[in-house]
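Here are some exercises to work through with the model open beside you. Try each task yourself before reading its solution.

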Amino acid sequence: MQREKEFIGIIKANEGLIYKVTKIYSLSKEDGQDLYQEIVYQLWKSFSSFRNESKISTWIYRISLNTSIAHLNKEKRKGNQVPIDQLPLNITDISDTVMDERSEVLFNLIKKLNNIEKGIILLYLEGKTHAEIASITGFTTTNVGTRLGRIKQKIISQIN
Amino acid sequence: MELEEMKTLWEELSIEIEKQKKLTDSLVIKMTRADYRNKISKILIPEAIGALACLAEIIFILINFQKLNTAYLLVCGIISAFILFLMPLLSIKAIRKIRSINILNNNYKESLQEYSKGKIQFVFIQKLSFYLGSILILVILPVMGQLIGGIDFFKETRLWIWYATGFPFFYLFAKWVFKSYIKTTAEAENILKELMD
């Protein structure tokens, strides 16, 4: 019970983070809701093995990104889900009210990147250092820097 | 938009999202209880039904094997049974591949590698199943004609002509079907190549 309370607290504190991940990796609002649920479910499943050896945010990023990649394989999976109207994923409505034109442009630019780049740019925008990005993604710190350089070029060419 | 500009905009957006938090305790609990194993079973049920149907057909062919009284019908019977045995196995292999990403222990790079390799293998299995399914239609028709109706399609109908004239259409159809597969495989291969940089 105590563990459950602790978990709820963590999820509530990081709901925005999960929302941003789902926004980048989902194809539609419904898909985003499905992915959001799956991330929370996977976080819950791994919560018992989480031993505070890494920062909570690092653990959440890792599980969320892995779940998002696994979710790409499950486009056709449809099963029992919490009905949409009961979901926090009314949270996706945030996007409708908050997103101004610039935010939509931002998400569209990120969505056009490939899956390697999406993960790296997300962590960069979240203010992670190259070393932190490296530890979450498994790339070397130098490689993260090189890739960010390429992403920058790609974004500039997308705009032009 | 430069990366720094994107970062500033992202920060503004994050602040807005933080202000609009909506999760409640009960919603979090509901999400942790969402039974995703049901999702798996929803995929497995049609697969299991398909596998049972294949098994029933294999048994039917084997029980009546002596009725296949010509060399070509025997060959068709053996090929049919073999494909009927192989197709459910391939299907299960494809599903297992879909579920292969180790979400709890992988890092992002490892997940992307597993995803891309899985995608390539999945496409390969789909292509193979398409060809096997097509061959099955060709070989099972005369077998069932003989076993159920006692008719040798090769002697009593113009089955060969249908096969011969149908082949070019099948070839074009297969080419069209595989167009998207080629793109998917190429994308996955590019990701794998890029991951090795």
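This is a predicted model: local features need pLDDT of at least 70, side-chain atom pairs count only at pLDDT 80 or more; totals for chains, interfaces and linings use all residues.

**Exercise 1. Aromatic rings**

How many aromatic pairs does a search of the whole structure find over all chains?

Step 1. The search gives twelve aromatic pairs over all chains. Rings of Phe, Tyr and Trp (its six-membered ring) pair if their centres lie within 6.5 Å; planes under 30 degrees apart count as stacked, over 60 as edge-to-face and the rest as tilted.

Step 2. Take B:Phe173 and B:Trp176: their ring centres are 6.0 Å apart and their planes stand at 35 degrees, so this pair is tilted.

Step 3. Now place the pair. B:Phe173 and B:Trp176 both sit in helix 7 (residues 159–195) of chain B, three residues apart, about one turn of the helix. Helices (H or I, at least four residues) and strands (E, at least two) are DSSP runs, numbered from the N terminus.

Step 4. Check accessibility, where buried means under 20% relative accessible area, exposed over 50% and partly exposed in between (1.4 Å probe, protein chains only). B:Phe173, at 42% relative accessibility, counts as partly exposed, and B:Trp176, at 60%, counts as exposed.

Residues are numbered from 1 along each chain as its sequence is written, chains are lettered from A and ligands numbered from 1 in the order in which they are written, and side-chain values use heavy atoms, with hydrogens and water left out.

**Exercise 2. The make-up of chain A**

Step 1. Chain A has nine helices and zero strands, and along the sequence its pattern reads α-α-α-α-α-α-α-α-α.

Step 2. Of its 160 residues, 58% count as buried.

Step 3. For contacts (heavy atoms within 4.5 Å) in chain A between residues at least 6 apart in sequence, 72% join residues at least 24 apart.

**Exercise 3. Two helices within chain A**

At roughly what angle do the axes of helix 1 and helix 3 of chain A cross?

Step 1. The axes of helix 1 (residues 2–13) and helix 3 of chain A cross at roughly 140 degrees and come within 11 Å. Axes are lines fitted to C-alpha atoms, for helices over the stretch in contact, and angles run from 0 to 180 degrees between N-to-C directions.

Step 2. Classify the angle: helix 1 and helix 3 of chain A are therefore oblique to each other. Angles under 35 degrees count as roughly parallel, over 145 as roughly antiparallel, 65 to 115 as roughly perpendicular and the rest as oblique.

Step 3. List the partners. Helix 1 of chain A brings A:Arg3, A:Glu4, A:Glu6, A:Phe7, A:Ile10 and A:Ile11, and helix 3 of chain A brings A:Val40, A:Leu43, A:Trp44 and A:Phe47.

Step 4. Sort them: seven are nonpolar, none polar and three charged. Ala, Val, Leu, Ile, Met, Phe, Trp, Tyr, Cys and Pro count as nonpolar, Asp, Glu, Lys and Arg as charged, and the others, Gly among them, as polar.

**Exercise 4. Across the chains**

Which residues of helix 2 of chain A meet helix 1 of chain B?

Step 1. Helix 2 (residues 15–25) of chain A and helix 1 (residues 3–19) of chain B pack at about 120 degrees, with axes 9 Å apart. These two helices are therefore oblique to each other.

Step 2. From helix 2 of chain A, A:Gly16, A:Tyr19, A:Lys20 and A:Ile24 meet B:Trp10, B:Ser14, B:Ile17 and B:Glu18 in helix 1 of chain B. The residues of this contact divide into four nonpolar, two polar and two charged.

**Exercise 5. Two side chains**

Is A:Gln42 buried or exposed?

Step 1. A:Gln42 lies in helix 3 (residues 29–47) of chain A and, at 9% relative accessibility, counts as buried.

Step 2. Leaving out residues up to four places away in sequence, A:Gln42 touches A:Ile63, A:Thr67, B:Ile103 and B:Leu104.

Step 3. Now try A:Asn115, in helix 7 (residues 115–125) of chain A. A:Asn115 counts as buried at 14% relative accessibility. A:Asn115 and A:Tyr25 are 90 residues apart in sequence and 8.6 Å apart in space, C-alpha to C-alpha.
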